[in-house]
Amino acid sequence: MRHATSRRIEGLPAPVQGVAQTLVDWIPLGILVVLWEIASGTVVAEAVLPPPTTVSSRIANLVVTGEVFSHLFISLFRIGVGLGLSILIGVLLGIGMARSDPVENFFDIFLSMTYPIPKTALVPLAILWLGVGTEAAILIVFLACLLPIVLNAYNAAVDVDQNLVWSAQMMGTSDREMLYKVIFPATIPEIMTGIRQAVPIAFIALVSAELIASNQGIGYLILTSGQIGNYPTMFANIVIISAVAFVAVRGFEETRDRVLVWT
Amino acid sequence: MDGRVTISELEKVYGEGAERTKAIEDLSFEVEGGEFVSVVGPSGCGKSTLLYLIAGFLDVTSGTIAVDGEPIDGPGTDRGVVFQDYALFPWRTVFENVTYGLEEDGVPKEERQSIAQKYIDLVDLDGFEDKYPKELSGGMKQRVGIARTLAYEPKILLMDEPFGALDQPLREALQDQLRDIWDDLGKTIVFITHDVEEAVYLSERVLIMTRHPGTKKTVTEVGLDRSGTREDIVTSDEFADYKNTVWKSLHEETQTEVKL
């Protein structure tokens with residue numbers, strides 16, 4: 001996805017340009033909201049598609065009463081732990097498989113077999129093992145995020161410039177030191193790409209897991225409000241989790257650009 | 001002065017079965033301690049392979065390579081390589097690249113900093129210590145590469161077409177800088193190049209290799225008087241003579257290549 005600053009509106013002074021660009025970027029969303037407002041109650045029944053005005057007042061209500069926060073925090077906690085574990089284990093596994101044949105031979109079959117399985121199909125199994133709740137959701141987020149991180153770390157670690165490895169060797173770096181002094185830093189840009197792919201996947205996996213079975217979290221709120229026919233609340237929670245996911249992706253991109261000053 | 005490299009009956013074969021190719025065959029050669037030797041040869045003659053064998057990055061198929069009489073066993077800090085593509089660590093600043101070898105050697109921090117600064121100054125990069133490699137031009141990157149290798153004080157510098165990717169004025173500036181460094185530090189230098197003029201200008205002896213499989217064809221002693229400026233040297237008759245000698249020998253090899 002491109003950055004907003006990559007395009008230019010001609011003939012405007014620099015400070016105005018930034019503001020103008022932001023406005024232009026949000027125009028499509030504005031159009032959608034307007035069409036939604038018009039369609040609600042005309043093309044589609046208002047009960048099924050509550051208008052943005054109703055949904056936004058419901059969002060304000062959920063936020064002001066603080067009702068949404070306990071669920072949001074639970075959801076974010078599950079994402080944080082699941083994604084964190086997948087980064088830790090994914091990086092170790094990816095680099096390990098790339099640089100050691102026994103490690104690759106051992107884990108390859110598991111990754112090849114689990115790769116095509118939709119991770120949300122494993123939710124019933126996760127519940128069977130771990131019960132309804134946080135642990136099962138963390139497991140699903142972890143499994144869903146693991147592959148993009150392993151694959152990116154693996155490809156990068158396989159492709160590390162041989163001359164960098166030789167450079168370090170000639171300066172006295174041992175094979176074991178090589179992993180964290182050369183291989184790991186050399187793969188950081190691709191690991192960041194893997195995490196960037198994993199962040200939205202984490203949200204998808206989490207909400208799916210919570211929709212299937214849970215007693216807390218944003219997915220649970222979406223499910224229960226839908227079941228009792230409270231569609232404005234259902235829509236409000238969908239908008240909230242979408243906005244949070246959007247902020248998480250943008251926030252990660254900012255952090256990544258700061259970390260990778262050397263690329 | 002140490003840093004003598006002895007190559008005896010060296011053979012290097014890549015691959016197996018039908019893929020088997022002999023890169024180097026029956027090569028014996030000795031580089032004296034503190035000597036500056038260039039290696040030229042047609043492309044594919046195995047000159048870079050020779051350098052990586054001396055560095056210990058590749059294993060010999062048969063024969064031996066010894067440094068000061070001791071057969072080498074893999075890479076070692078007695079030898080330092082300067083790569084054509086610089087091979088700097090992109091996540092480390094200029095300063096951190098230059099201190100890498102010293103860190104690995106366990107040199108205390110303060111000493112590390114003063115040694116690194118000395119070599120950064122030597123290659124005229126003071127003021128660029130905190131830059132990352134991507135912020136530098138090719139010529140500057142290669143000066144970092146040279147400083148990084150000099151900093152941990154190997155006896156032998158192995159240079160793989162280090163100025164091959166640079167334009168002519170920059171090449172000349174770096175050649176002169178390398179000559180000065182060699183005069184000051186007295187390292188053994190093995191310098192791979194395909195540029196005859198560069199080989200004659202820089203080195204005391206030029207090893208010319210045959211094309212595939214590579215082996216020693218001739219060795220030309222370059223007895224140039226190098227007391228003058230670059231202009232004095234390159235416009236002298238003796239420079240032209242040495243250049244012609246090397247060029248003719250190399251040209252015979254290139255001709256064989258064309259006929260095939």
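In chain B, B:Ala66 stands opposite B:Pro71 in β5(B). The two strands concerned, β4 (residues 62-67) of chain B and β5(B), pair in the antiparallel sense over 2 bridges; two strands count as paired if DSSP finds at least two bridges between them. Helices (H or I, at least four residues) and strands (E, at least two) are DSSP runs, numbered from the N terminus.

This is a predicted model, where local features need pLDDT of at least 70, side-chain atom pairs count only at pLDDT 80 or more, and totals for chains, interfaces and linings use all residues. Residues are numbered from 1 along each chain as its sequence is written, chains are lettered from A and ligands numbered from 1 in the order in which they are written, and side-chain values use heavy atoms, with hydrogens and water left out.

Back to the sheet. It is open, has 4 strands in the order β2-β1-β4-β5 (chain B), and its pairing is antiparallel. At the edges are β2 and β5 (70-71) of chain B, each pairing on one side only. Helix α1 (residues 47-55) of chain B packs on this sheet and touches β1, β2 and β4 of chain B, contact meaning heavy atoms within 4.5 Å. The direction of α1(B) makes about 115° with that of β1(B); axes are lines fitted to C-alpha atoms, for helices over the stretch in contact, and angles run from 0 to 180 degrees between N-to-C directions.

Next, the hairpin. Strand β1 (residues 5-14) and strand β2 (residues 21-31), both of chain B, are antiparallel partners over 7 bridges, with B:Val13 opposite B:Lys22 in β2(B). Between β1(B) and β2(B) lie 6 residues, and B:Gly15 in the turn has a positive phi of about 70°.

Now the helices. The axes of α2(B) and helix α4 (residues 138-151) of chain B come within 7 Å and cross at roughly 25°. α2(B) and α4(B) are therefore roughly parallel to each other, the term for angles under 35 degrees. From α2(B), the contact uses B:Val94, B:Asn97, B:Val98 and B:Leu102; from α4(B), B:Val144, B:Ala147, B:Arg148 and B:Ala151.

Finally, confidence. Chain B averages a pLDDT of 88, pLDDT being the predictor's confidence in each residue, from 0 to 100. The model scores ipTM 0.89 and pTM 0.86.

Key. Angles under 35 degrees count as roughly parallel, over 145 as roughly antiparallel, 65 to 115 as roughly perpendicular and the rest as oblique.
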